[in-house]
Amino acid sequence: MHFTKNITKTYSTDILIIGSGSAGSVAAIAASMGKHKVTLVERYGFPGGTSTQMLDTFYGFFTPSEEPKKIVGGVPDLIVNTLAKSGDVFLRPNSYGAGTGVNYNPERLKLVWDSAFIQAGVQTFYHTSLVAVEKSDSESNCVFFNKGIGFFVIKSKRIIDASGDGDYAHWAGIAYEKAGEFEPAQSMTTTFRMSNVDLNKYKEAGGKQMMKSKMANAYQTGSYPLPRKEGSAHEMCQQNCISTVAVKVTDVDPLDVEGITLAEIEGRRQAFIFEEFFREEIPGYENSKIIGLSSQIGVRETRRVYGEYRLTKEDCMEARRFKDEVFLCGAPIEDHRKSLDGKEETFWQYVPNGGTYGVPYRTLIPKNTLNTWVIGRCFSATHDAHASCRSMAQTMSMGQAAGFAAVQSLDYDQDANNIDIIKLRKKLKDQGAVLETPLKNADTRRNGWANNFK
Ligand SMILES: Cc1cc2nc3c(=O)[nH]c(=O)nc-3n(C[C@H](O)[C@H](O)[C@H](O)COP(=O)(O)OP(=O)(O)OC[C@H]3O[C@@H](n4cnc5c(N)ncnc54)[C@H](O)[C@@H]3O)c2cc1C
């Protein structure tokens, strides 16, 4: 390894998780329920990835439709239950009818993830980035960079790549499709929060509908150089604060250093165009200002690994079920990309009749690997299927399945692609995961948080 002469330290672990987004964080908690050493590495100074960097709503716990079903449970429930204890959760309808969202306070969520790792005994390294990999079938040497100690190695028997960008896969030579390679990549979004919004005035003036039509009008007439004619602006746990997902940055590669730099600059520029538009045009926003931008631009897709199975659009839209399914999804395809006329649109396609599909365990195992799982937004799916199965209740469910699978593979000395799936599904069910479609509203009443609806 060409870094070897600069290595300052070497650690060993049993299960190494790269990235503490929603997928990796849940994987670390689930993996810690076994008897093996678990290490979690994150490039930023806080946990949560997209869940705390820029968002405040978990989608995917509930199916869309008039009669929502709760289709995710287990460790993801524990996280929401903990948030609910401090009053940091409420439910809200999705702006586009894509199902009930679980809205939370993202700053509190950082604390919840931290506490869960400490309680579970996860060895956590923040401010640490994966930069190279030397792998064999039984063990991987991962080289990390931390500004304080320079390059160091973590040796691990099992690897869970939860980096969102599939960084482990990339450095380990695992095959993947890069977003934009065959179909247009989804756009990127800097989210922002505005304080001191007079919500009574806003609602009296027509609320969301009024905002929607004014935004569309400004976009169409060009009175403000808005990048999109629509977007989500919703209440937060903090009083009189609104979170907005409306910025749109396209045509740059977030995996290229020049591309991601341009995207960050453009995302911030657009956010302040929205600020001006809201203050001048939307009743209730007159005395409001941006109080926070997402700590990085939101990237919807980059690398999608080729796994033992690839989830397809047909699997989602035909509500297919699989013998090795390890979680469920009922979310629509929500594809933010350009239409043929070059304009940015969001394309929606719903699973018919409020249905759900199953997601096979095989989508979490990269082809030709024995000790690796790839979870979260880099899991094995086509562009369309990924656009449906990327909500955080699903990425957390991937973490839960991979965490338990990694433990099982060590306990029974089985390869990732050869574990006893009946045993894994039983473990998931015992821990509260939903693997059969429940009756409408079935599970929701058990949770206090499910009654707090705004
Ligand atoms: C703008 C936007 C809006 C969205 N809106 C919603 C919504 O409202 N509700 C919803 O449920 N879903 C939403 N999604 C989708 C959802 O948020 C993501 O699909 C999901 O959060 C991905 O989780 P993840 O854990 O796979 O990845 P991430 O959250 O990206 O986590 C990956 C983690 O790995 C770390 N990492 C990356 N590379 C390295 C490295 N080399 N070394 C160490 N650490 C590394 C990152 O810092 C990060 O913490 C949205 C996505 C975007 C971009």
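A polar contact is a pair of N or O atoms within 3.5 Å. In this predicted model, a nitrogen atom of the ligand lies 2.8 Å from a polar backbone atom of Thr57. The ligand on its own has 1,000 Å² of accessible area, of which the protein covers 94%.

## The shell around the ligand

The ligand is surrounded by 32 residues, and the closest of them are Glu42, Thr50, Thr57, Asp167 and Arg390. Sorted by class, this shell holds 16 polar, 10 nonpolar and six charged residues.

Several secondary-structure elements give two or more residues to the shell. The helices are α1 (22-31) and α2 (50-53); the strands are β3 (57-58), β7 (129-135) and β16 (298-299).

Thr395 is placed in helix α11, which spans residues 392-411. Its relative accessible area is 5%; because the limit for a buried residue is under 20%, Thr395 counts as buried.

The side chains of Thr395 and Ser22 are joined by a polar contact of 2.8 Å. Leaving aside residues up to four places away in sequence, Thr395 touches Ser22, Ala23, Gly376, Arg377 and Arg390. Arg390 is also among the residues closest to the ligand.

## Aromatic pairs and a cluster

The model contains 17 aromatic pairs. In one of them, the ring centres of Phe125 and Phe152 are 5.8 Å apart and the ring planes meet at 75°. Planes over 60 degrees apart count as edge-to-face, so the pair of Phe125 and Phe152 belongs to that class. Phe125 lies in strand β6 (residues 123-125) and Phe152 in strand β9 (residues 150-161), so their pairing ties together parts that are 27 residues apart in sequence.

Both partners are under the 20% limit for burial: Phe125 is buried at 16% relative accessibility, and Phe152 is buried at 2%. Elsewhere, one aromatic cluster is formed by Phe192, Tyr202, Tyr224, Phe274, Phe277, Phe278 and Tyr285.

How values were computed
Residues are numbered from 1 along each chain as its sequence is written. This is a predicted model: local features need pLDDT of at least 70, side-chain atom pairs count only at pLDDT 80 or more; totals for chains, interfaces and linings use all residues. Side-chain values use heavy atoms; hydrogens and water are left out. A residue is near a molecule or strand if one of its heavy atoms lies within 4 Å of it. A polar contact is a pair of N or O atoms within 3.5 Å; within protein, one must be able to donate a hydrogen and the other to accept it, and residues adjacent in sequence count only if both atoms are side-chain atoms. Accessible areas come from the Shrake-Rupley method with a 1.4 Å probe; for residues, only the protein chains shown count as cover. Helices (H or I, at least four residues) and strands (E, at least two) are DSSP runs, numbered from the N terminus. Ala, Val, Leu, Ile, Met, Phe, Trp, Tyr, Cys and Pro count as nonpolar, Asp, Glu, Lys and Arg as charged, and the others, Gly among them, as polar. Buried means under 20% relative accessible area, exposed over 50%, partly exposed in between (1.4 Å probe, protein chains only). Contact means heavy atoms within 4.5 Å. Rings of Phe, Tyr and Trp (its six-membered ring) pair if their centres lie within 6.5 Å; planes under 30 degrees apart count as stacked, over 60 as edge-to-face and the rest as tilted.
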